[in-house]
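User: I have a structure to go through for class. Can you walk me through it in plain words?

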Amino acid sequence: MRKESTSEAPQNDKNKGIGIVILVEDKDRIEPSEDAKALSTETGFPIVTQAAVTRATSPKKGAKRDKRTTTTPFLSADALWQLVYTAEGLSLRLSNEPSWGDIRVDFASAALNYRKLHGGGRNEAIAKAIGIKGKTSLSVIDCTAGMGNDSFVMASVGAEVTMLERSPVIAALLEDALKRAQDIPELAERLSLVKSDAYDYIAKHTSGAEKALADVIYLDPMFPHKKKSALVKKEMRAFQQLLGADMDSTELLELALKHAGSRVVVKRPSYAEPIALQSGRKPDTEITSKKHRFDVYIQH
C-alpha cells in the first residue's frame, strides 16, 4: 500500500514570513477546515478566512430608504503567495499574476492521463533513462518532485516512486493531490511523498547502511531559464520566483552516486551542460527528448 506522506525534518524557518497565507474558499464554511488547520500548524502560514463587510442597501429612486443592510463576503488577504482550498483541490496563487490562474497538482488531469495512454509508456525517454524496460519492479527516489509529473510517468510505467520535496508549499500541493488520487490504484500503490530535503534524506537513510537506498535516484534540479518567455510554463516561472534555482545540485548528485543501486538520472534542459563533478565523471549515456536530456550515470 502507498505510505502516508511524512515529514522528516522541521520546515526551514526561511520558508515562513515570505508573504504566504492559507485561504479557505467555501461560502458555507464558518471555520477553517481541518486540513487547513493542520497545514497552518505544520508550516506556520496563517489562515485567512472569509470575512464580511456590512453596507447599507441602496434604495431605489423615489422609494423610502431601506435601513436594512447586506453583507458581502470578501477575502482579506493581500499576501503575494496564497495557498487556497478550493472545490477542485488545494491551489497556489500568485496575487500579482492573476492571469496565470491557479496552480494545482492533479494526477487525474486530462493532460496526464493522455500522456499515460498515448505518451509511449516504457518507450518514453524518461522510462528508458531509469531503465524500467524488462523489469517487473523498480524503486526510484525522485529527489526534486516539484509538480510530480515525472513521478507520475515513472509510476505509470511500473516504478515504485518516493517523491522528496523540501518546499512546504509544493509538498502541500503534492499531498493534497495524492489524497484526491486514492481511487487510481496504480498511483495509490506506487507513489509516496516524504517532506524532506533530499540531501538530508539520503544522508540519514544511508548512515551505516550497506544496501543501496533505491535502484534509481532521479534528479531534476531547478534550472534558471535563459530568458523570460511565454513558452516557459507558469508553474516553472512561479516556482523560480518562490524558490530560486537549486544551488546544491552538485553536492546532491555526488551523494546520489554513492547510494543508488543501478543508476542515477539527471534531467537537464537540452542546451545545458552536464553537472560538473569534482571527480570529473561524465554521464555514461544520455537520452534525449524534444526539450530535455536525461544524463544517465550507470553504477558499475
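User: Which residue stands opposite Asp142 in S11?
Analyst: Tyr218 in S11 stands opposite Asp142. Strands here (E, at least two residues) and helices (H or I, at least four) are DSSP runs, numbered from the N terminus. Before we go on: this is a predicted model, where local features need pLDDT of at least 70 and side-chain atom pairs count only at pLDDT 80 or more, while totals for chains, interfaces and linings use all residues. Residues are numbered from 1 along each chain as its sequence is written, and side-chain values use heavy atoms, with hydrogens and water left out.

User: How many bridges join S8 to S11?
Analyst: Three bridges join strand S8 (residues 138-142) to S11, and the two run parallel. Two strands pair if DSSP finds at least two bridges between them.

User: And what is the bridge partner of Tyr218 in S12?
Analyst: Val265. S11 and strand S12 (residues 260-269) are parallel too, with five bridges.

User: Is S11 enclosed or open?
Analyst: Largely enclosed by the rest of the structure, because five of the six residues of S11 (residues 214-219) are buried. Buried means under 20% relative accessible area, exposed over 50%, and partly exposed in between (1.4 Å probe, protein chains only).

User: New topic. What is the strand order in the open sheet of four strands?
Analyst: The order is S3-S2-S6-S7, with mixed pairing. S3 (47-48) and S7 (89-94) stand at the edges with a single partner strand each, so one side of each has no neighbour in the sheet.

User: How do S6 and S7 run?
Analyst: Antiparallel, with six bridges joining S6 (residues 81-86) to S7. Gln82 has Arg93 in S7 as its bridge partner.

User: Which strands does H5 touch on that sheet?
Analyst: H5 touches S2, S6 and S7, and its direction makes about 150° with that of S7. Axes are lines fitted to C-alpha atoms, for helices over the stretch in contact, and angles run from 0 to 180 degrees between N-to-C directions.

User: What about H1, which strands does that lie across?
Analyst: Helix H1 (residues 34-43) lies across S2 (20-24), S3, S6 and S7, running at about 170° to S2.

User: Which residues of H1 are buried?
Analyst: Ala36, Leu39, Ser40 and Thr43. Down the axis of H1, these buried residues fall within an arc of 100°, so they line one face of the helix. The arc is that of the directions from the helix axis to the C-beta atoms. The face turned away from the buried side carries the exposed Glu34 and Thr41.

User: What follows H1?
Analyst: Gly44, with a positive phi near 85°.

User: Now the core. How many residues are in the largest nonpolar one?
Analyst: It has 57 residues, and Leu83, Phe107, Ile130, Val140 and Met163 have the most contacts inside it. Helix H5 (residues 168-180) gives the most to this core, seven residues. A nonpolar core is a set of buried Ala, Val, Leu, Ile, Met, Phe, Trp, Tyr and Cys residues joined through side-chain atoms within 4.5 Å.

User: What does Leu83 touch?
Analyst: Beyond four places away in sequence, its contacts (heavy atoms within 4.5 Å) include Ile20, Leu39, Phe45, Leu92 and Leu173.

User: Last one: is Thr206 buried or exposed?
Analyst: Thr206 counts as buried, at 8% relative accessibility. Thr206 sits in helix H7 (residues 198-206).
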